[in-house]
Each structure stands twice: as C-alpha cells, then as structure tokens.
Amino acid sequence: MKVLGINGDYPQDWVRVFNHITNLFFEDSKVSKTEKDTDLNVYFEWHIDADHTVTTTAELHSDGKTYKSKFVQEYTNEANEKEQNIRLKRALSHVLLDTLEKLTGIHQKWGILTGIRPTKLYHKFRKSGLTDLEIHTKLKEEFRLSDEKITLMKKIVDRQLTTIPDLDTIGNEVSIYIGIPFCPTKCAYCTFPAYAIHRKNGRVESFLDGLHIEIREMGKWLKKRDMKITSIYWGGGTPTSIEADEMDALYQTMYESFPHAESIREVTVEAGRPDTITPAKLEVLKKWGIDRISVNPQSYTDETLKAIGRHHTVQETIDKFWLSRNMGMNNINMDLIIGLPNEGLEEFENSLAETEKMQPESLTVHTLSFKRASEMTHNKQKYKVADRETAEKMMHRAHEWTADNNYEPYYLYRQKNILGNLENVGYSKKGEESIYNIVIMEEVQTIIGLGCGASSKFVNAETGKITQFHNPKDPAAYIMTFEDAIDKKLEILDELYKEETELI
C-alpha cells in the first residue's frame, strides 16, 4: 500500500478524489494530510485570475525524484462557491494524475474520471447544447480522456437515443426493479443480495408473501397516479431460483397490480445461473409473454467456474441456452467477465468462440472488480487474476469480436477497484438493446426497487435531483421491515411528485 502525503488541509471531498486517482496506480493507497511516514509527497499550488482562468501546479516527490505538472483552464464566467470548488478539484486532479503517470509510466485512458457513469456526462453536455466536436474537445482537454474512450462514449450515446427516442423526457414514466435474493450458491466475486436457497424455517415463503404485498401496494399508488411503467427488471440473486409455481404467482400479481400493463415496453427476468433454468420455469415465462432473459456463463472454462463457486458446468450453460432458445426465448443476454482467476487471453478467446456459436441477442462484457464485501477480495492471495496489460488486451478483443459479429455497444459503466481501470460494456444486436439497462445507467427516470436488497432511485424529472432508498439485503430483515419500507417509499414518491407539480 502506498501513502500519499498532501500539503495542506483540503476539503474531504477533494481528499476522496485524490485517493481515487492514486488508487488507479497503486492498490489500496491512502492519502495523508501529513508528510510523516509517506511514500509519495505532492505539493499543490493554484490561483484564479481576474478573467476566471484557473491555474494549478503540482510537484510529486518519490525516492529522491521530482515530477512536475501544470494545468491551465480558461472559463468565460464567474463561478459561485460550489462551481469554484468543482473547478479547483478538477484542476488539481489533472496535475496529480499527470505526475503519477510520469512516475509510473501508466497512462489512464479514462483520465480523471473515477465515477461509474461516463456517458451520463456526455448526455449532460449534449443537453446543454454542445456539439459532438465540442464535447470531444471538452472531455479530452478538461477530463484527460483518450480519443478511444470518447469515441466509445459517443457510439453508446447515439445508440441510446436511437433505442429510446424520448430519452430526455422519459422521466415522466418510471421503471421497476424486483429483487429475488436467492441463488443456488454465492459466487466468489459477488456482493449482490444472494443467499443460498433452502426451505428451512419458511424463509423463502415468508419473503415471497411480503413481496406480493409490496408489489400490490406499489401498484395501488401507480394506478392512483395513472403512471406509465417503462420497463420491469427481475434481478437478485437469481429470480429463477424459486419454483415455477412461485414465479407464476408473482407474475400474476405483477400484471394485476401495475397500471397500463399492455404498454410496458420491456420485462426482463435475470435467469443468470444456468443451473436454475428448467422447462417448467420457461413455460411460465412464455405464459406471461416474457421472452427476455439472461443465461450467464461468465466463463467457458470449467476450472474457473469451480474456482469462483458457480456449481454448474460449461456444458450446462450451452444446454440451457439452447433449451431457452428452443422454448421461445427470443432475446437472450449472456455475461462474460474479464480477469477471472487463472484466466488470460487464451481462455477469453475460448469464451468468445463458444459465444459465437450461440449468437445471443446481447453480450455484456464485465471487467472483474474487487468489491469490499466479496469473498475474492477478502482472500486475494487465493485468486490469481490477470495483470493490467492482459486485461486491456482482453477488453480490446471484446471490442473487435463484437464488431465482427454485428454487436454494437449501447451502455457502459465503471466500478471502483476495477481491474486495469477498465469498464463494463453492454453490446447488442441492433434493436435488441435493454431499455432498463439504459435508463438505470443514465439515471433519467425513477427506478422503484421492490424486494430484497432492491435500491430505489427517485429522480426529479425537472431538477435531476436523486433520492435513494434501500430495502434490506437480508431476507430475515426484509420480512420484518418490508411494510415500513413500503410506507417510506410512498412518502418519498408523494413528496417527489408534489414538488414536480409545484415546479410545473
């Protein structure tokens, strides 16, 4: 672990950004406001001219060597205190990143961006009236993004606007996320609400009873407001972990409770674990007109699947894909993960070759992220993962392969502690994009979360302000408190739509 010493008592949000940037170069780095016992020391200076130009400099000292950087940014308008804080933080990030790149020889293609939604920034500039060329220049000069990443962002934004022409006004509708917290086993990299399913003490049944009530109560509010629902996403966990008759009952409650069911643009069921897919469950999906599912291999190497705790085989993934296809699932997504234990370019090429035989409608390529609560993070010495250079080559092959197989990128997000400072990209055939994935990543509308571990994001369509609420992750806690969670969400919704009415 590297400790970065900084000269001065900076605001905590600045220190947090300095820490994120240092983490891009050194694992588990720490920022200290003192130079005592530090590995690196950085000295910042800045000034703001009368014409609003911001100038920052940095000197980074390490092992007797000094690395210097200077950044100048011109602004045409005076800033209030909040905006001035953003300008200075961004300018200091520039010089810190530049000195660390000089120290390590590592170039960060995402520049100073450490947030998880880069394309949201592109949309912001687009809606402010900037041209694509102006946005490209701004991202390159002010945020240090590479041409490669900016081009990727533009492709995705263009695709999103084609998929959802009313993207800028879709905040008048809502989407629904429904979380089923059970899985056959928990994967080593996972921090989602995922509990090994068993039938002891009626835990599953009690959870489902509560979820039926939550769906009905939310449906009453939506009907009262005559709200349209854009999309519904069943996630978890693995929603197909429960029995076919339990799935059937939930879908019946969903369609009976929610208004304008006939105009919902998309319903997706995450059937990610192949070992949960059965003919009976697929028949239930067909009964309710649901044909958009996921069948997620993550890897096509049996040893890898065993190492990460997925108790199914490669052949089972293949078999369940074709079972799903032959039983009428017309829009199947598959996930692959770059950087899983003991996997390099050769293993990833094999995964791409197997995927090519099936040609799913969409393919999401994730980069392994070391999440704090995952088993893999707690026992890193047990899991040997790809180095930065190999991970970059794998991502490059994903870009090449998807283009060769007529897939186009349509959504993107990043995570903290992501391998190689890369990204997660969703690709699809034309016309097969997931509306839900776009709206949740771009945060353009309210997502109401129901069920265990479900997060709600209440988006004010006029101001863009986001209020969050999280249901309990543990089924036992959910069973005890779901009624309180319903009341709290309805309270937030009442206040949100009261505010929007007043603004109009």
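Let's start with a pocket. Three elements each supply at least two residues to the lining of the second largest pocket: α5 (147-163), α13 (388-404) and β14 (408-413). A word on those names: helices (H or I, at least four residues) and strands (E, at least two) are DSSP runs, numbered from the N terminus.

Before going on, the ground rules. This is a predicted model: local features need pLDDT of at least 70, side-chain atom pairs count only at pLDDT 80 or more, and totals for chains, interfaces and linings use all residues. Residues are numbered from 1 along each chain as its sequence is written, and side-chain values use heavy atoms, with hydrogens and water left out.

Back to the pocket. The second largest pocket has a volume of about 310 Å³. Its lining holds 16 residues, and Lys155, His399, Ala403, Pro409 and Tyr427 lie nearest the centre. The lining divides into 5 nonpolar, 5 polar and 6 charged residues. Here Ala, Val, Leu, Ile, Met, Phe, Trp, Tyr, Cys and Pro count as nonpolar, Asp, Glu, Lys and Arg as charged, and the others, Gly among them, as polar. For the search itself, a 1 Å grid is laid over the protein atoms alone; a pocket is an open set of points where a 1.4 Å probe fits, with protein on both sides within 12 Å along at least five of seven lines, and lining residues have an atom within 4 Å of a point. Points are joined across faces, edges and corners, and the volume is the space filled by probe spheres set on them.

Next, the loop between α13 and β14. Asparagine 406 sits there. Asparagine 406 has a positive phi of about 65 degrees, although it is not a glycine. Is asparagine 406 buried or exposed? Exposed, with a relative accessible area of 58%. The cut-offs: buried is under 20% relative accessible area, exposed over 50%, partly exposed in between, with a 1.4 Å probe and protein chains only.

Now compare glutamine 298. Glutamine 298 also has a positive phi of about 65 degrees without being a glycine. Its place is the loop between β11 (292-294) and α9 (302-307). Glutamine 298 is buried, at 7% relative accessible area.

Glutamate 343 is buried too, at 4%. It lies in the loop between β12 (331-338) and α11 (345-358). What does glutamate 343 touch? Leaving out residues up to four places away in sequence, Ser299, Thr301, Thr304, Ala386 and Met394. Contact means heavy atoms within 4.5 Å.

One backbone point. The peptide bond from glycine 236 to glycine 237 is cis, with omega near 10 degrees. Glycine 237 falls in the loop between β9 (229-236) and α7 (244-257).

On to helix α3 (residues 118-127). Its buried residues are Pro118, Thr119, Leu121, Tyr122, His123 and Phe125. They pack against α4 (132-143), α5, β14 and α14 (435-442). Just after α3, glycine 129 takes a positive phi of about 105 degrees.

Last, a sheet. Five strands form an open sheet in the order β2-β1-β3-β4-β5, with mixed pairing. Its edge strands are β2 (30-32) and β5 (65-73), each pairing on one side only. Two strands pair if DSSP finds at least two bridges between them. Strand β1 (residues 3-6) runs parallel to β2, joined by 3 bridges. Valine 3 has lysine 30 in β2 as its bridge partner.
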